[in-house]
Amino acid sequence: MSERGEVVAGQELSVGAAKEPLPPPVEEMLLEVVQARDDVAFASVPMIAFPGQVPERVLVVFLRGGSDPEAALGALSAGVAAGFEAVAAVHPGVAIEPMAVMPVPLDRPLDGLAQAVVMTDTHLLVADVGAWQRARRGPQPWWRRMLGW
């Protein structure tokens, strides 16, 4: 089951890497889920603290231009939920924490939250190295974008 959340402009969020790595079966499952989608350019698994909540790990997928974020969200959420059930069945001792999925389209400039996620170095998959490098470069002045620098 997934819930939709909304981040209001001006809210302060904390974004960073987790102290503990993902358990290997969970990491492998998440990697399989994101690799199954052709529209995923790269994915990260940072810790994000939303206002009034404890920090939680979030699967953030950066989608290639022209991808449908709603369709990706539905498919990825279902894949993650099914994957967690499979991991729990095969590895009963593995601690499984709930994980939200956040799709970020790359066909527009990244907002502050997405830029912070990219800079955490918590990447799980980099299918499109060029897109990942452009995202890590950060926002560029309009004249650099126009000249391709």
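Predicted model: local features only at pLDDT ≥ 70, side-chain atom pairs only at ≥ 80, totals over all residues.

User: Okay, where does Val-40 lie?
Analyst: Val-40 is part of strand β2.

User: And which residues is Val-40 in contact with, leaving aside neighbours within four places in sequence?
Analyst: Those contacts are Val-34, then Val-61, Phe-62, Leu-63 and Arg-64, and finally Leu-125 and Ala-127.

User: Let's zoom out. How many helices and strands does the chain have?
Analyst: There are 5 helices and 6 strands. Following the sequence, they come in the pattern β-α-β-β-β-α-β-α-β-α-α.

User: How much of the chain is buried?
Analyst: Of the 149 residues in the chain, 36% are buried. Taking the contacts with a separation of 6 or more, 68% are between residues 24 or more positions apart.

User: Tell me about the largest nonpolar core. How many residues does it have?
Analyst: That core has 22 residues, and Leu-30, Val-34, Leu-59 and Val-61 are the ones with the most contacts inside it. At least two residues come from each of α1 (24-35), β2 (40-44), β4 (56-63), α2 (69-90) and β6 (123-126).

User: Which element gives the largest share of this core?
Analyst: That would be α2, with 6 residues. As background, nonpolar side chains tend to be buried together in soluble globular proteins.

User: What does Leu-59 touch, not counting residues up to four places away in sequence?
Analyst: Quite a list! Leu-59 touches Leu-30 and Val-34, the run Ala-43, Ser-44 and Val-45, then Val-80, the run Met-99, Ala-100, Val-101 and Met-102, and also Leu-124.

User: Switching to aromatics: how many aromatic pairs does a search of the whole structure find?
Analyst: The search turns up 1 aromatic pair. The rings belong to Phe-42 and Phe-62, and they count as stacked because their planes are at 15°, with the centres 4.4 Å apart.

User: Where do Phe-42 and Phe-62 lie?
Analyst: Phe-42 is in strand β2 and Phe-62 is in strand β4, so their pairing ties together parts 20 residues apart in sequence.

User: Are those two, Phe-42 and Phe-62, buried or exposed?
Analyst: Both Phe-42 and Phe-62 are buried.

User: Now the helices. How do α1 and α2 cross?
Analyst: Their axes come within 10 Å and cross at roughly 150°. An angle over 145 degrees counts as roughly antiparallel, so α1 and α2 are roughly antiparallel to each other. The crossing of the two helices is right-handed.

User: Which residues of α1 and α2 meet there?
Analyst: From α1 you have Pro-25, Val-26, Met-29, Leu-30, Val-33 and Val-34. On the α2 side they meet Leu-76, Gly-79, Val-80, Gly-83, Phe-84 and Val-87.

User: Last topic: what is the phi of Asp-121?
Analyst: Phi of Asp-121 is near 60°, a positive value in a residue other than glycine. Asp-121 sits in the loop between α3 (112-119) and β6, and Asp-121 is partly exposed, with a relative accessible area of 46%.

User: What about Thr-122, buried or exposed?
Analyst: Thr-122 is buried, at 12% relative accessible area. Thr-122 is also placed in the loop between α3 and β6.

User: Which residues is Thr-122 in contact with, beyond its neighbours within four places in sequence?
Analyst: Thr-122 is in contact with Gly-16, Ala-17, Ser-44, Val-45, Pro-46 and Val-117. The C-alpha atoms of Thr-122 and Pro-21 are separated by 9.7 Å, and these two residues are 101 residues apart along the chain.

Conventions. Residues numbered from 1 in each chain as written. Heavy atoms only, no water. Core = buried A, V, L, I, M, F, W, Y, C linked by side-chain atoms within 4.5 Å. Buried < 20%, exposed > 50% of the residue type's maximum accessible area, 1.4 Å probe, protein only. Helix = DSSP H or I, 4+ residues; strand = E, 2+ residues; numbered from the N terminus. Contact = heavy atoms within 4.5 Å. Phe/Tyr/Trp six-rings, centres within 6.5 Å; stacked < 30°, edge-to-face > 60°. Axes fitted to C-alpha atoms, helices over the stretch in contact; angles between N-to-C directions. Parallel < 35°, antiparallel > 145°, perpendicular 65-115°, else oblique. Left-handed = near helix turned anticlockwise from the far one by under 90°.
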